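Subject: Structure handover

Hello,

My notes on what turned up follow below.

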Amino acid sequence: MGGVEDDEPASKRMKLSSEALIHLSNGSTVKESIVGSSRDLMARPLQSDGGEEVVGSKGVIKKVEFVRIIAKALYSLGYIRSGAHLEEESGIALHSSIINVFMRQVLEGDWDESVATLHNIGLTDEMIIKSASFLILEQKFFEFLDEEKVMDALKTLRTEISPLCINHGRVRELSLSIVSPSHCFTVRSPKQNTSRARSRTKLLEELQKLLPPTVMVPERRLEHLVEQALGLQRDACMFHNSLDEEISLFADHQCARDQIPSYALQVDANGISLKHKLSGHQKPVSSVSWSPDDHQLLTCGVEEVVRRWDASSGECLSVYEKAGLGMVSCGWSPDGKWIFSGVNDKSISLWELDGRELECWKGQHTLKISDLEITSDGKQIISICRETAILLLDREAKVERFIEEDQTITSFSLSRDNRFLLVNLLNQEIHLWSIEDDLKLVSKYRGHKRTRFIIRSCFGGLEQAFVASGSEDSLVYIWHRGTGELIEALPGHSGAVNCVSWNPTNPHMLASASDDRTIRIWGLNNLSAKQKDTHGNGIHYCNGGT
Amino acid sequence: MGRIFMITLEGRVYSCKHCFTHLALLDDIISKSFHCGHGKAYLFDKVVNITEGEKEERMMMTGLHTVVDIFCVGCGSIVGWKYEAAHEKAQKYKEGKFILERFKVLGPDGGNYLAIQESLVGGSSDADDA
């Protein structure tokens, strides 16, 4: 095949006209030889156009496999003639003839013949042969029962299925279904239904899954590979933050930067007015959180008490305290029925809303400066229990797990799906830990500054694909969670940015709070969203585009 | 201002004279034989709740060292220095360790320390050839 390019699949290459081939080659002699060989191919349909074993620029795609999955895809799409033509033209058969025979036997219900053919395929794994035989004979069994040939079904069960000596539980279920026909309907797996013809196709699919993929090409393999490639492209797209981005097959997917919130839409209190002043705490308030039903607030005074407020009336509903001790942190249960709080003797207490203490975990569970969170299923309570360790306490199983770090931990943030924890360290690093099954360090993020204060970070964006953080250099930092790359460092604040919060329902909105006494709302560069109104009394505002 | 991150130590604690922020434990003292402009200074293995200044080359009683000044996170007052690098082999043991000036801290018993009236040249002094 001389000077022809090697990086096109065999089927495509053969379809080039001889005129086109001239442009690729550099001599008439080559053209002739190509025309000659293609003619040869027509005359000998079953001869593979040997020589090239692989296709693609990297040389990792085996041509025979490639053509087979294309043929399979053509058949799945319903293009039977195209599929057959491809098999003929390439000389590569989708399935060997014995497999074709096997498939036909299964679809036509020639059970005994199909089991015999199964043994002739040349499978090396005994278990596969037995499991496949079991499936076929099970189908035979059920079809007999359908036709009310009970004795035949029984004979099949006794003499053909049982001797296989596998899946004894299923054998018992089958014998039960003879005894009580009504039971038969519950015993049947979902694949079995009233229409027998459809069952056989399903059976073939089950057999396909059982047999090695080289013997019987799996269904929708080409679609699966393409979906995998698209998935990888999407994961690699660092700015992917919008649902309506359609991924085309014609070009690699890559979003532009404009999907990340990077424009200050609003600074401080435009359009927001003071509703209530909640007075009562004697010490500085270290945390505020809304109840799950958004009607109440829980606040904690530093080494003081925890107070529960009604948000609409501003009234203090309850005070939670412990004699001689001070509360240091607080949070709501996911169902809003109880609250929990860290105490300055390192314990964690749980209270009913009415003030009755439910539980108290004594011992080294929390520190004076420690975040305290609960997973959304209410099962795990998470707290910084030692300078360099985070405790994950399973309330029901009473199991304790620890994330151990080398550096001092300053704060942490739990992802919405409870699978990840973002840990902020003293040495200006943010570590991403997976907390689902095993505790594993997944990623590190660097670039922001932290020397004195507690700086908070959070997850955000579409499917929490981004990590955002405050910083003492007054910038808001945004990283791509998967790759760890720093995407944005947003200027605008004139003081240390202490914390950030990404809108959970709008992936294009981010809020940041700073020592410059402003809160900034960041969004996309959409002209209609810019604020132009003026305010006195020292509130800063932004005209967009910073 | 943002919320300052402060570690709470347990045991016999040396704390900042001005704002009482915990700085170090008595158990982490390596040597008490150091001197500074205000009198005695102790060499500590570990110090918390401090921020570091810029690196400087300083000539001390025992030779040239690369040091950073350290400041209390609570009030920002200077409390001592940290040895980043020692240029002579015999002084290498100081690397990564901290000096707290006795005059700047309250001892575990809350005791203060009266500074010596003489002021030595340059802020730092050094010593201890252990």
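Helices here are DSSP runs of H or I with at least four residues, and strands are runs of E with at least two. On that count, chain A has 13 helices and 26 strands. Please keep in mind that this is a predicted model.

Confidence first. Chain A has a mean pLDDT of 81, and 82% of its residues reach 70 or more. Two stretches need care. Residues 191-197 of chain A have pLDDT below 50, and this stretch has 14 contacts in the model beyond near neighbours in sequence. Residues 527-546 of chain A are also below 50, with 33 contacts beyond near neighbours. Where pLDDT is low, the predicted coordinates should not be read in detail.

Chain A overall. It has 546 residues, and 45% of them count as buried. Take the contacts in chain A with a separation of 6 or more: 43% of them join residues 24 or more positions apart.

Domains of chain A. Domain 1 takes in 59-183 + 191-221, and domain 2 takes in 276-524. Their C-alpha centres lie 55 Å apart. UniProt, in an unreviewed entry, places a feature "domain: CTLH" at residues 95-152 of chain A. That span is 79% helix and 0% strand. Its end C-alpha atoms are 33 Å apart.

Helix H4 of chain A. The buried residues of H4(A) are A:Lys63, A:Val67, A:Arg68, A:Ile69, A:Ala71, A:Lys72, A:Ala73 and A:Leu74. An α-helix has 3.6 residues a turn, so residues three or four places apart point the same way. Just after H4(A) comes A:Gly78, with a positive phi of about 100 degrees.

Chain B. It has zero helices and 10 strands. From the N terminus on, the elements run β-β-β-β-β-β-β-β-β-β. Chain B has 130 residues, and buried ones make up 50% of them. Among contacts in chain B with a separation of 6 or more, residues 24 or more positions apart account for 51%.

The UniProt annotation on chain B, again from an unreviewed entry, is "domain: Yippee" at residues 12-109. Over those residues the chain is 0% helix and 59% strand. The end C-alpha atoms of the span are 8 Å apart.

One residue in chain B. Is B:Ile29 buried or exposed? B:Ile29 sits in strand E3, residues 29-36 of chain B. Its relative accessible area is 19%, and buried means under 20%, so B:Ile29 counts as buried. Leaving aside neighbours within four places in sequence, B:Ile29 is in contact with B:Tyr14, B:Tyr42, B:Leu43 and B:Phe44. B:Gly96 is 67 residues from B:Ile29 in sequence, and their C-alpha atoms are 14 Å apart in space.

Best regards

How values were computed:
Residues numbered from 1 in each chain as written. Chains lettered and ligands numbered in written order. Predicted model: local features only at pLDDT ≥ 70, side-chain atom pairs only at ≥ 80, totals over all residues. Heavy atoms only, no water. Buried < 20%, exposed > 50% of the residue type's maximum accessible area, 1.4 Å probe, protein only. Contact = heavy atoms within 4.5 Å. pLDDT = per-residue confidence, 0-100. UniProt positions renumbered as here; feature names shortened; annotations may be inferred. Domains from an automatic or database assignment.
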